[in-house]
Structures are given as C-alpha cells and as structure tokens.
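Morning, everyone. Let me put the model on the screen, and then we'll walk through it.

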Amino acid sequence: GELLATIFAEDRDFTPLADIPDHLQKAAVAVEDHRFFKHRGVDVLGIVRALKADLQQRRFVQGASTITQQLARDLYLSRKKTLARKAQEALLAIEIERQYSKDEILELYLNQVHLGHATYGVASAARIFFGKKPTDLTLAQCALLAGLIRRPAYYSPYANPRTALVRRNYVLGRMAEEGYITAKEAQGATREPLG
C-alpha cells in the first residue's frame, strides 16, 4: 500500500490558478516578466533593452522573452536561439494573447514551466522540493520556485544551495521593488532557511 516509485517522462500535476499562491504568481511575474500585465504578448521595451545588451556583447546575453513567449516556446518550439525561432515565438505569443486571458496564460505557464529534477509545473516542484501542496508554500518557498525558472539546474537547492539562496533573495527583492510585498516582508523571508 506504499508508493515506491513513479515512472514518467515529465512529472506534472495540473493546478488551477486559484490553487497557486498569489505570492508564487507575483514572484514569477516579478522575476520573469514584470510588464506581463501591460503588454500583448511581446514587450517592445524588453526587446530594445536585450538587443542593446546583445549588440554590446556581440552575442546573445540577455533574454527578452515575455511569459507568453516562453509559454509559446515551451509548447510549440525548440529552445534553439535563432532569429527565426524568436520571430515565430513572438507571433505565437501575440496569438496566445488574443485567445486567452492573462490569468489563463499565467495558469498555463506555471503548469508548463520546467523547474528542474524532471519536474514540470509548480505542483510537482512544491512536492519535490518541499513535500507540500502549492497552497501550503511560504513566501520564501514561492520565491525559490520562481527563481528556478531561469536556470533550474544552476539554481537547484539540491545541487547549489548557496546559489539557490542568492537567487531566492533576489526574487524577494524584485517582488518588493514591484510592490507585491513590503520591504519588511522581503527581509523576513530572506532569513528563512532553504528547507
């Protein structure tokens, strides 16, 4: 009667947005696409910023993908960095924004995103990293999961606990900068151990 193991290609449990903590939603937006609620799938200001950085370094150094573009890439495209793929990603993102609300896009994104250790979506990650349901996550735990999105293997608390802690605290700082939490809440959460 005890589960010994599971076999799967991708460990994913779909979770309705209502069951994903507001802190986790806001953490993902703050760190991945702070203008998410202001654009229509493509952030022109973000593209200009990234293009400037890329031209200065003469290589791809900064991403400009919105949450909607990341969702389009994860659902339909490869991760290969080419201008053609970026154009396809942008067109798909615009179409996704036409068909779905921001809440629906965020729900799909948070259930689709890879968070390391064969986990996809926040429910699987909450279980793997904290042994919890998403609704039971603390602010610091929400920030840690959102911080994994950029580079799951690099920011893994199992593989690189110090790097994960720095990234988590960065996410908390971004949440405070965006007004999603107070500076006092951010400071309190930075004192919480990784768990």
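In which helix is the place of G147? G147 sits in helix α7, residues 139–148. Helices here are DSSP runs of H or I with at least four residues, strands are runs of E with at least two, and both are numbered from the N terminus.

Two ground rules. This is a predicted model, with local features needing pLDDT of at least 70, side-chain atom pairs counting only at pLDDT 80 or more, and totals for chains, interfaces and linings using all residues. Residues are numbered from 1 along each chain as its sequence is written, and side-chain values use heavy atoms, leaving out hydrogens and water.

Back to G147. Its relative accessible area is 1%, so G147 is buried. Buried means under 20% relative accessible area, exposed means over 50%, and partly exposed lies in between, with a 1.4 Å probe and protein chains only. G147 touches Y155, R167 and V171, leaving aside residues up to four places away in sequence. A contact is heavy atoms within 4.5 Å. Now look at V31. G147 and V31 are 116 residues apart in sequence, yet 7.3 Å apart in space, C-alpha to C-alpha.

Next, E32. That residue is in helix α1, residues 22–32. E32 has a relative accessible area of 10%, so it is buried too. What does the E32 side chain share with that of Q70? A polar contact of 3.2 Å. That term means a pair of N or O atoms within 3.5 Å; within protein, one must be able to donate a hydrogen and the other to accept it, and residues adjacent in sequence count only if both atoms are side-chain atoms. Beyond four places in sequence, E32 touches several residues, including Y109, I149 and R167.

Y109 takes us to helix α5, residues 102–112. Eight of the eleven residues of α5 are buried. Among them are I105, L106, Y109 and L110. The buried residues of α5 pack against α1, α3, α4, β1, β2 and α6.

Now zoom out. The chain has nine helices and two strands. Its radius of gyration is 17 Å, close to the 16 Å of the globule rule for 195 residues, so the chain is as compact as a globular protein of that length. That radius is over C-alpha atoms, and the rule is 2.2 Å times the number of residues to the power 0.38. Of the 195 residues, 45% count as buried. Among contacts between residues at least 6 apart in sequence, 61% join residues at least 24 apart.
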